[in-house]
Amino acid sequence: MSGAAGPDTTTCRRRLVGAALVALLLVTGVARAATYYVRQTIGDDTHDGLGPQAAWQHLSKLSSAMHAGDVAYVGPGLYREEVVVENDGAPDARIVFVADTTGQHTGDPPGTVMVTGADPLDGTIFAPHASPGVYTARIPSTVWGAVEMDGPQYRYGGTRETRELVVEKMSPVDVVAKLPSTYYYDDAAKVLYLHTSDGRPPATHEMELITRGNGILVQGKRHVTVMGFTFRHMQDSGISFFKDAGDGIAVDNTSYGSRQGIRVYGAPDVLVYGNTLFRNENSGVYFAARSTKGVAIGNTAYENVKGVRWSSQSVDGLCLDNTLFENRERGIAIENADRTLVRRNKVVDNSASQVLVIESAYSAEADCYETHRPGELVAEFYPYFERDRHATLAEYQRARHQDLSSRAGGCGPLPAKVDVHRLQAETAAYAARARKLLSGAQEAEVSGGVRRWLDWLRGK
């Protein structure tokens, strides 16, 4: 079902709205607001960061630097670090983080601005355990996950929430022995247990360990915008608006391989617009813990457990113009979150159901649903009685009087999925390639200057 999609009406509308939104978000009402620059190519943390030629090298320098009205432009490359926002923005002077993928502001060649919570692992340090398929190594610092970069780049599952541990009371090591693509970190002993996807030694894979919590963490701070970044393999999420971090905005980011792509927890009035979120362990976007008025517009979410999710009294949400397909359980989940509006979403081939509603008053209309595989439901409701599980849109409409103008089938082509291997290769090689390009440009400029001087000397 996946394939390249041409620009339809919804896509064009999203682009127009997005362009207007970007222009709005970059307006500042603070006369002395600063503009900071981070560049892997020529950055130096001894500089002041206040110009492209005085850029910092490390993203984490922005944690304490950014204040109300400040804008940061981050050049392309692979950043193995995180930002913890330490200051508030203001309604008319947001703190704005911009991934400068075009190089228009930083002067770098175009490329992806990737932030990862994972670090490369030397697989040869592992020794076989007594349990077949399990390998162990002593790791001094806490490990929050593992990923095979030569695979589809899902992060390994932990043992804490498995049925085997919680219900069957198996030991964590026995759970790892039973389940491929799992890990257990014994914090007391500082020992990591891994079971690879195929049971072969870790050294036969390109492995990374997850050691950082979030790409950009906004905790208790308000009026922060994050635009255009690619995040992967965090302990929690690419972007986290956490505990009273209200009025946040995430626009046009990509986030994959974490627990959530974007997490909104106890943070009201957060807008998540135009992001691509996939292969996350829990949800693409998750509004939780009274994250009221949470808005998800124009996002693409696939191969997460749930595409977009509201729960735990995150009331008055809006789910609009999202494309949610091939998630491993549900496309849209509304769980104890009243007054959620669901409009104009494309919801296709999510494995358990396209919509899950648990004890929530909601309103859905003008959506498109497609199911092609056995067992997929259009909608289901908790508690699970037979009458609350609906295999077709017509059945759901009759039972619930929702989505009465929605359609079954004909949703159109789906977006192409991200090629994570190409993305990783490009970002890993970016800094060296970009420095070479910049050096060549400088040499050409000097050479051109010499030629112009000689031409002037010759009277040309």
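User: What makes residues count as being in contact with Ser63, leaving aside its neighbours within four places in sequence?

Analyst: Contact means heavy atoms within 4.5 Å. Leaving aside those neighbours within four places, Ser63 is in contact with Glu82, Val83, Val84, Val85, Glu86 and Asn87. This is a predicted model, where local features need pLDDT of at least 70, side-chain atom pairs count only at pLDDT 80 or more, and totals for chains, interfaces and linings use all residues. Residues are numbered from 1 along each chain as its sequence is written, and side-chain values use heavy atoms, with hydrogens and water left out.

User: Why is Ser63 called buried?

Analyst: Buried means under 20% relative accessible area, exposed over 50%, and partly exposed in between (1.4 Å probe, protein chains only). Ser63 has a relative accessible area of 9%, so Ser63 is buried.

User: How do you know that β30 and β33 pair?

Analyst: Two strands pair if DSSP finds at least two bridges between them, a strand being a DSSP run of E with at least two residues, numbered from the N terminus. Four bridges join β30 (residues 340-343) to β33, so the two pair, and they run parallel. Val342 stands opposite Ala364 in β33.

User: Why is the sheet with the order β1-β2-β5-β15-β18-β21-β24-β27-β30-β33 called open?

Analyst: Ten strands form that sheet, with parallel pairing. At its edges stand β1 (35-38) and β33 (362-365), each with a single partner strand, so one side of each is left without a neighbour in the sheet.
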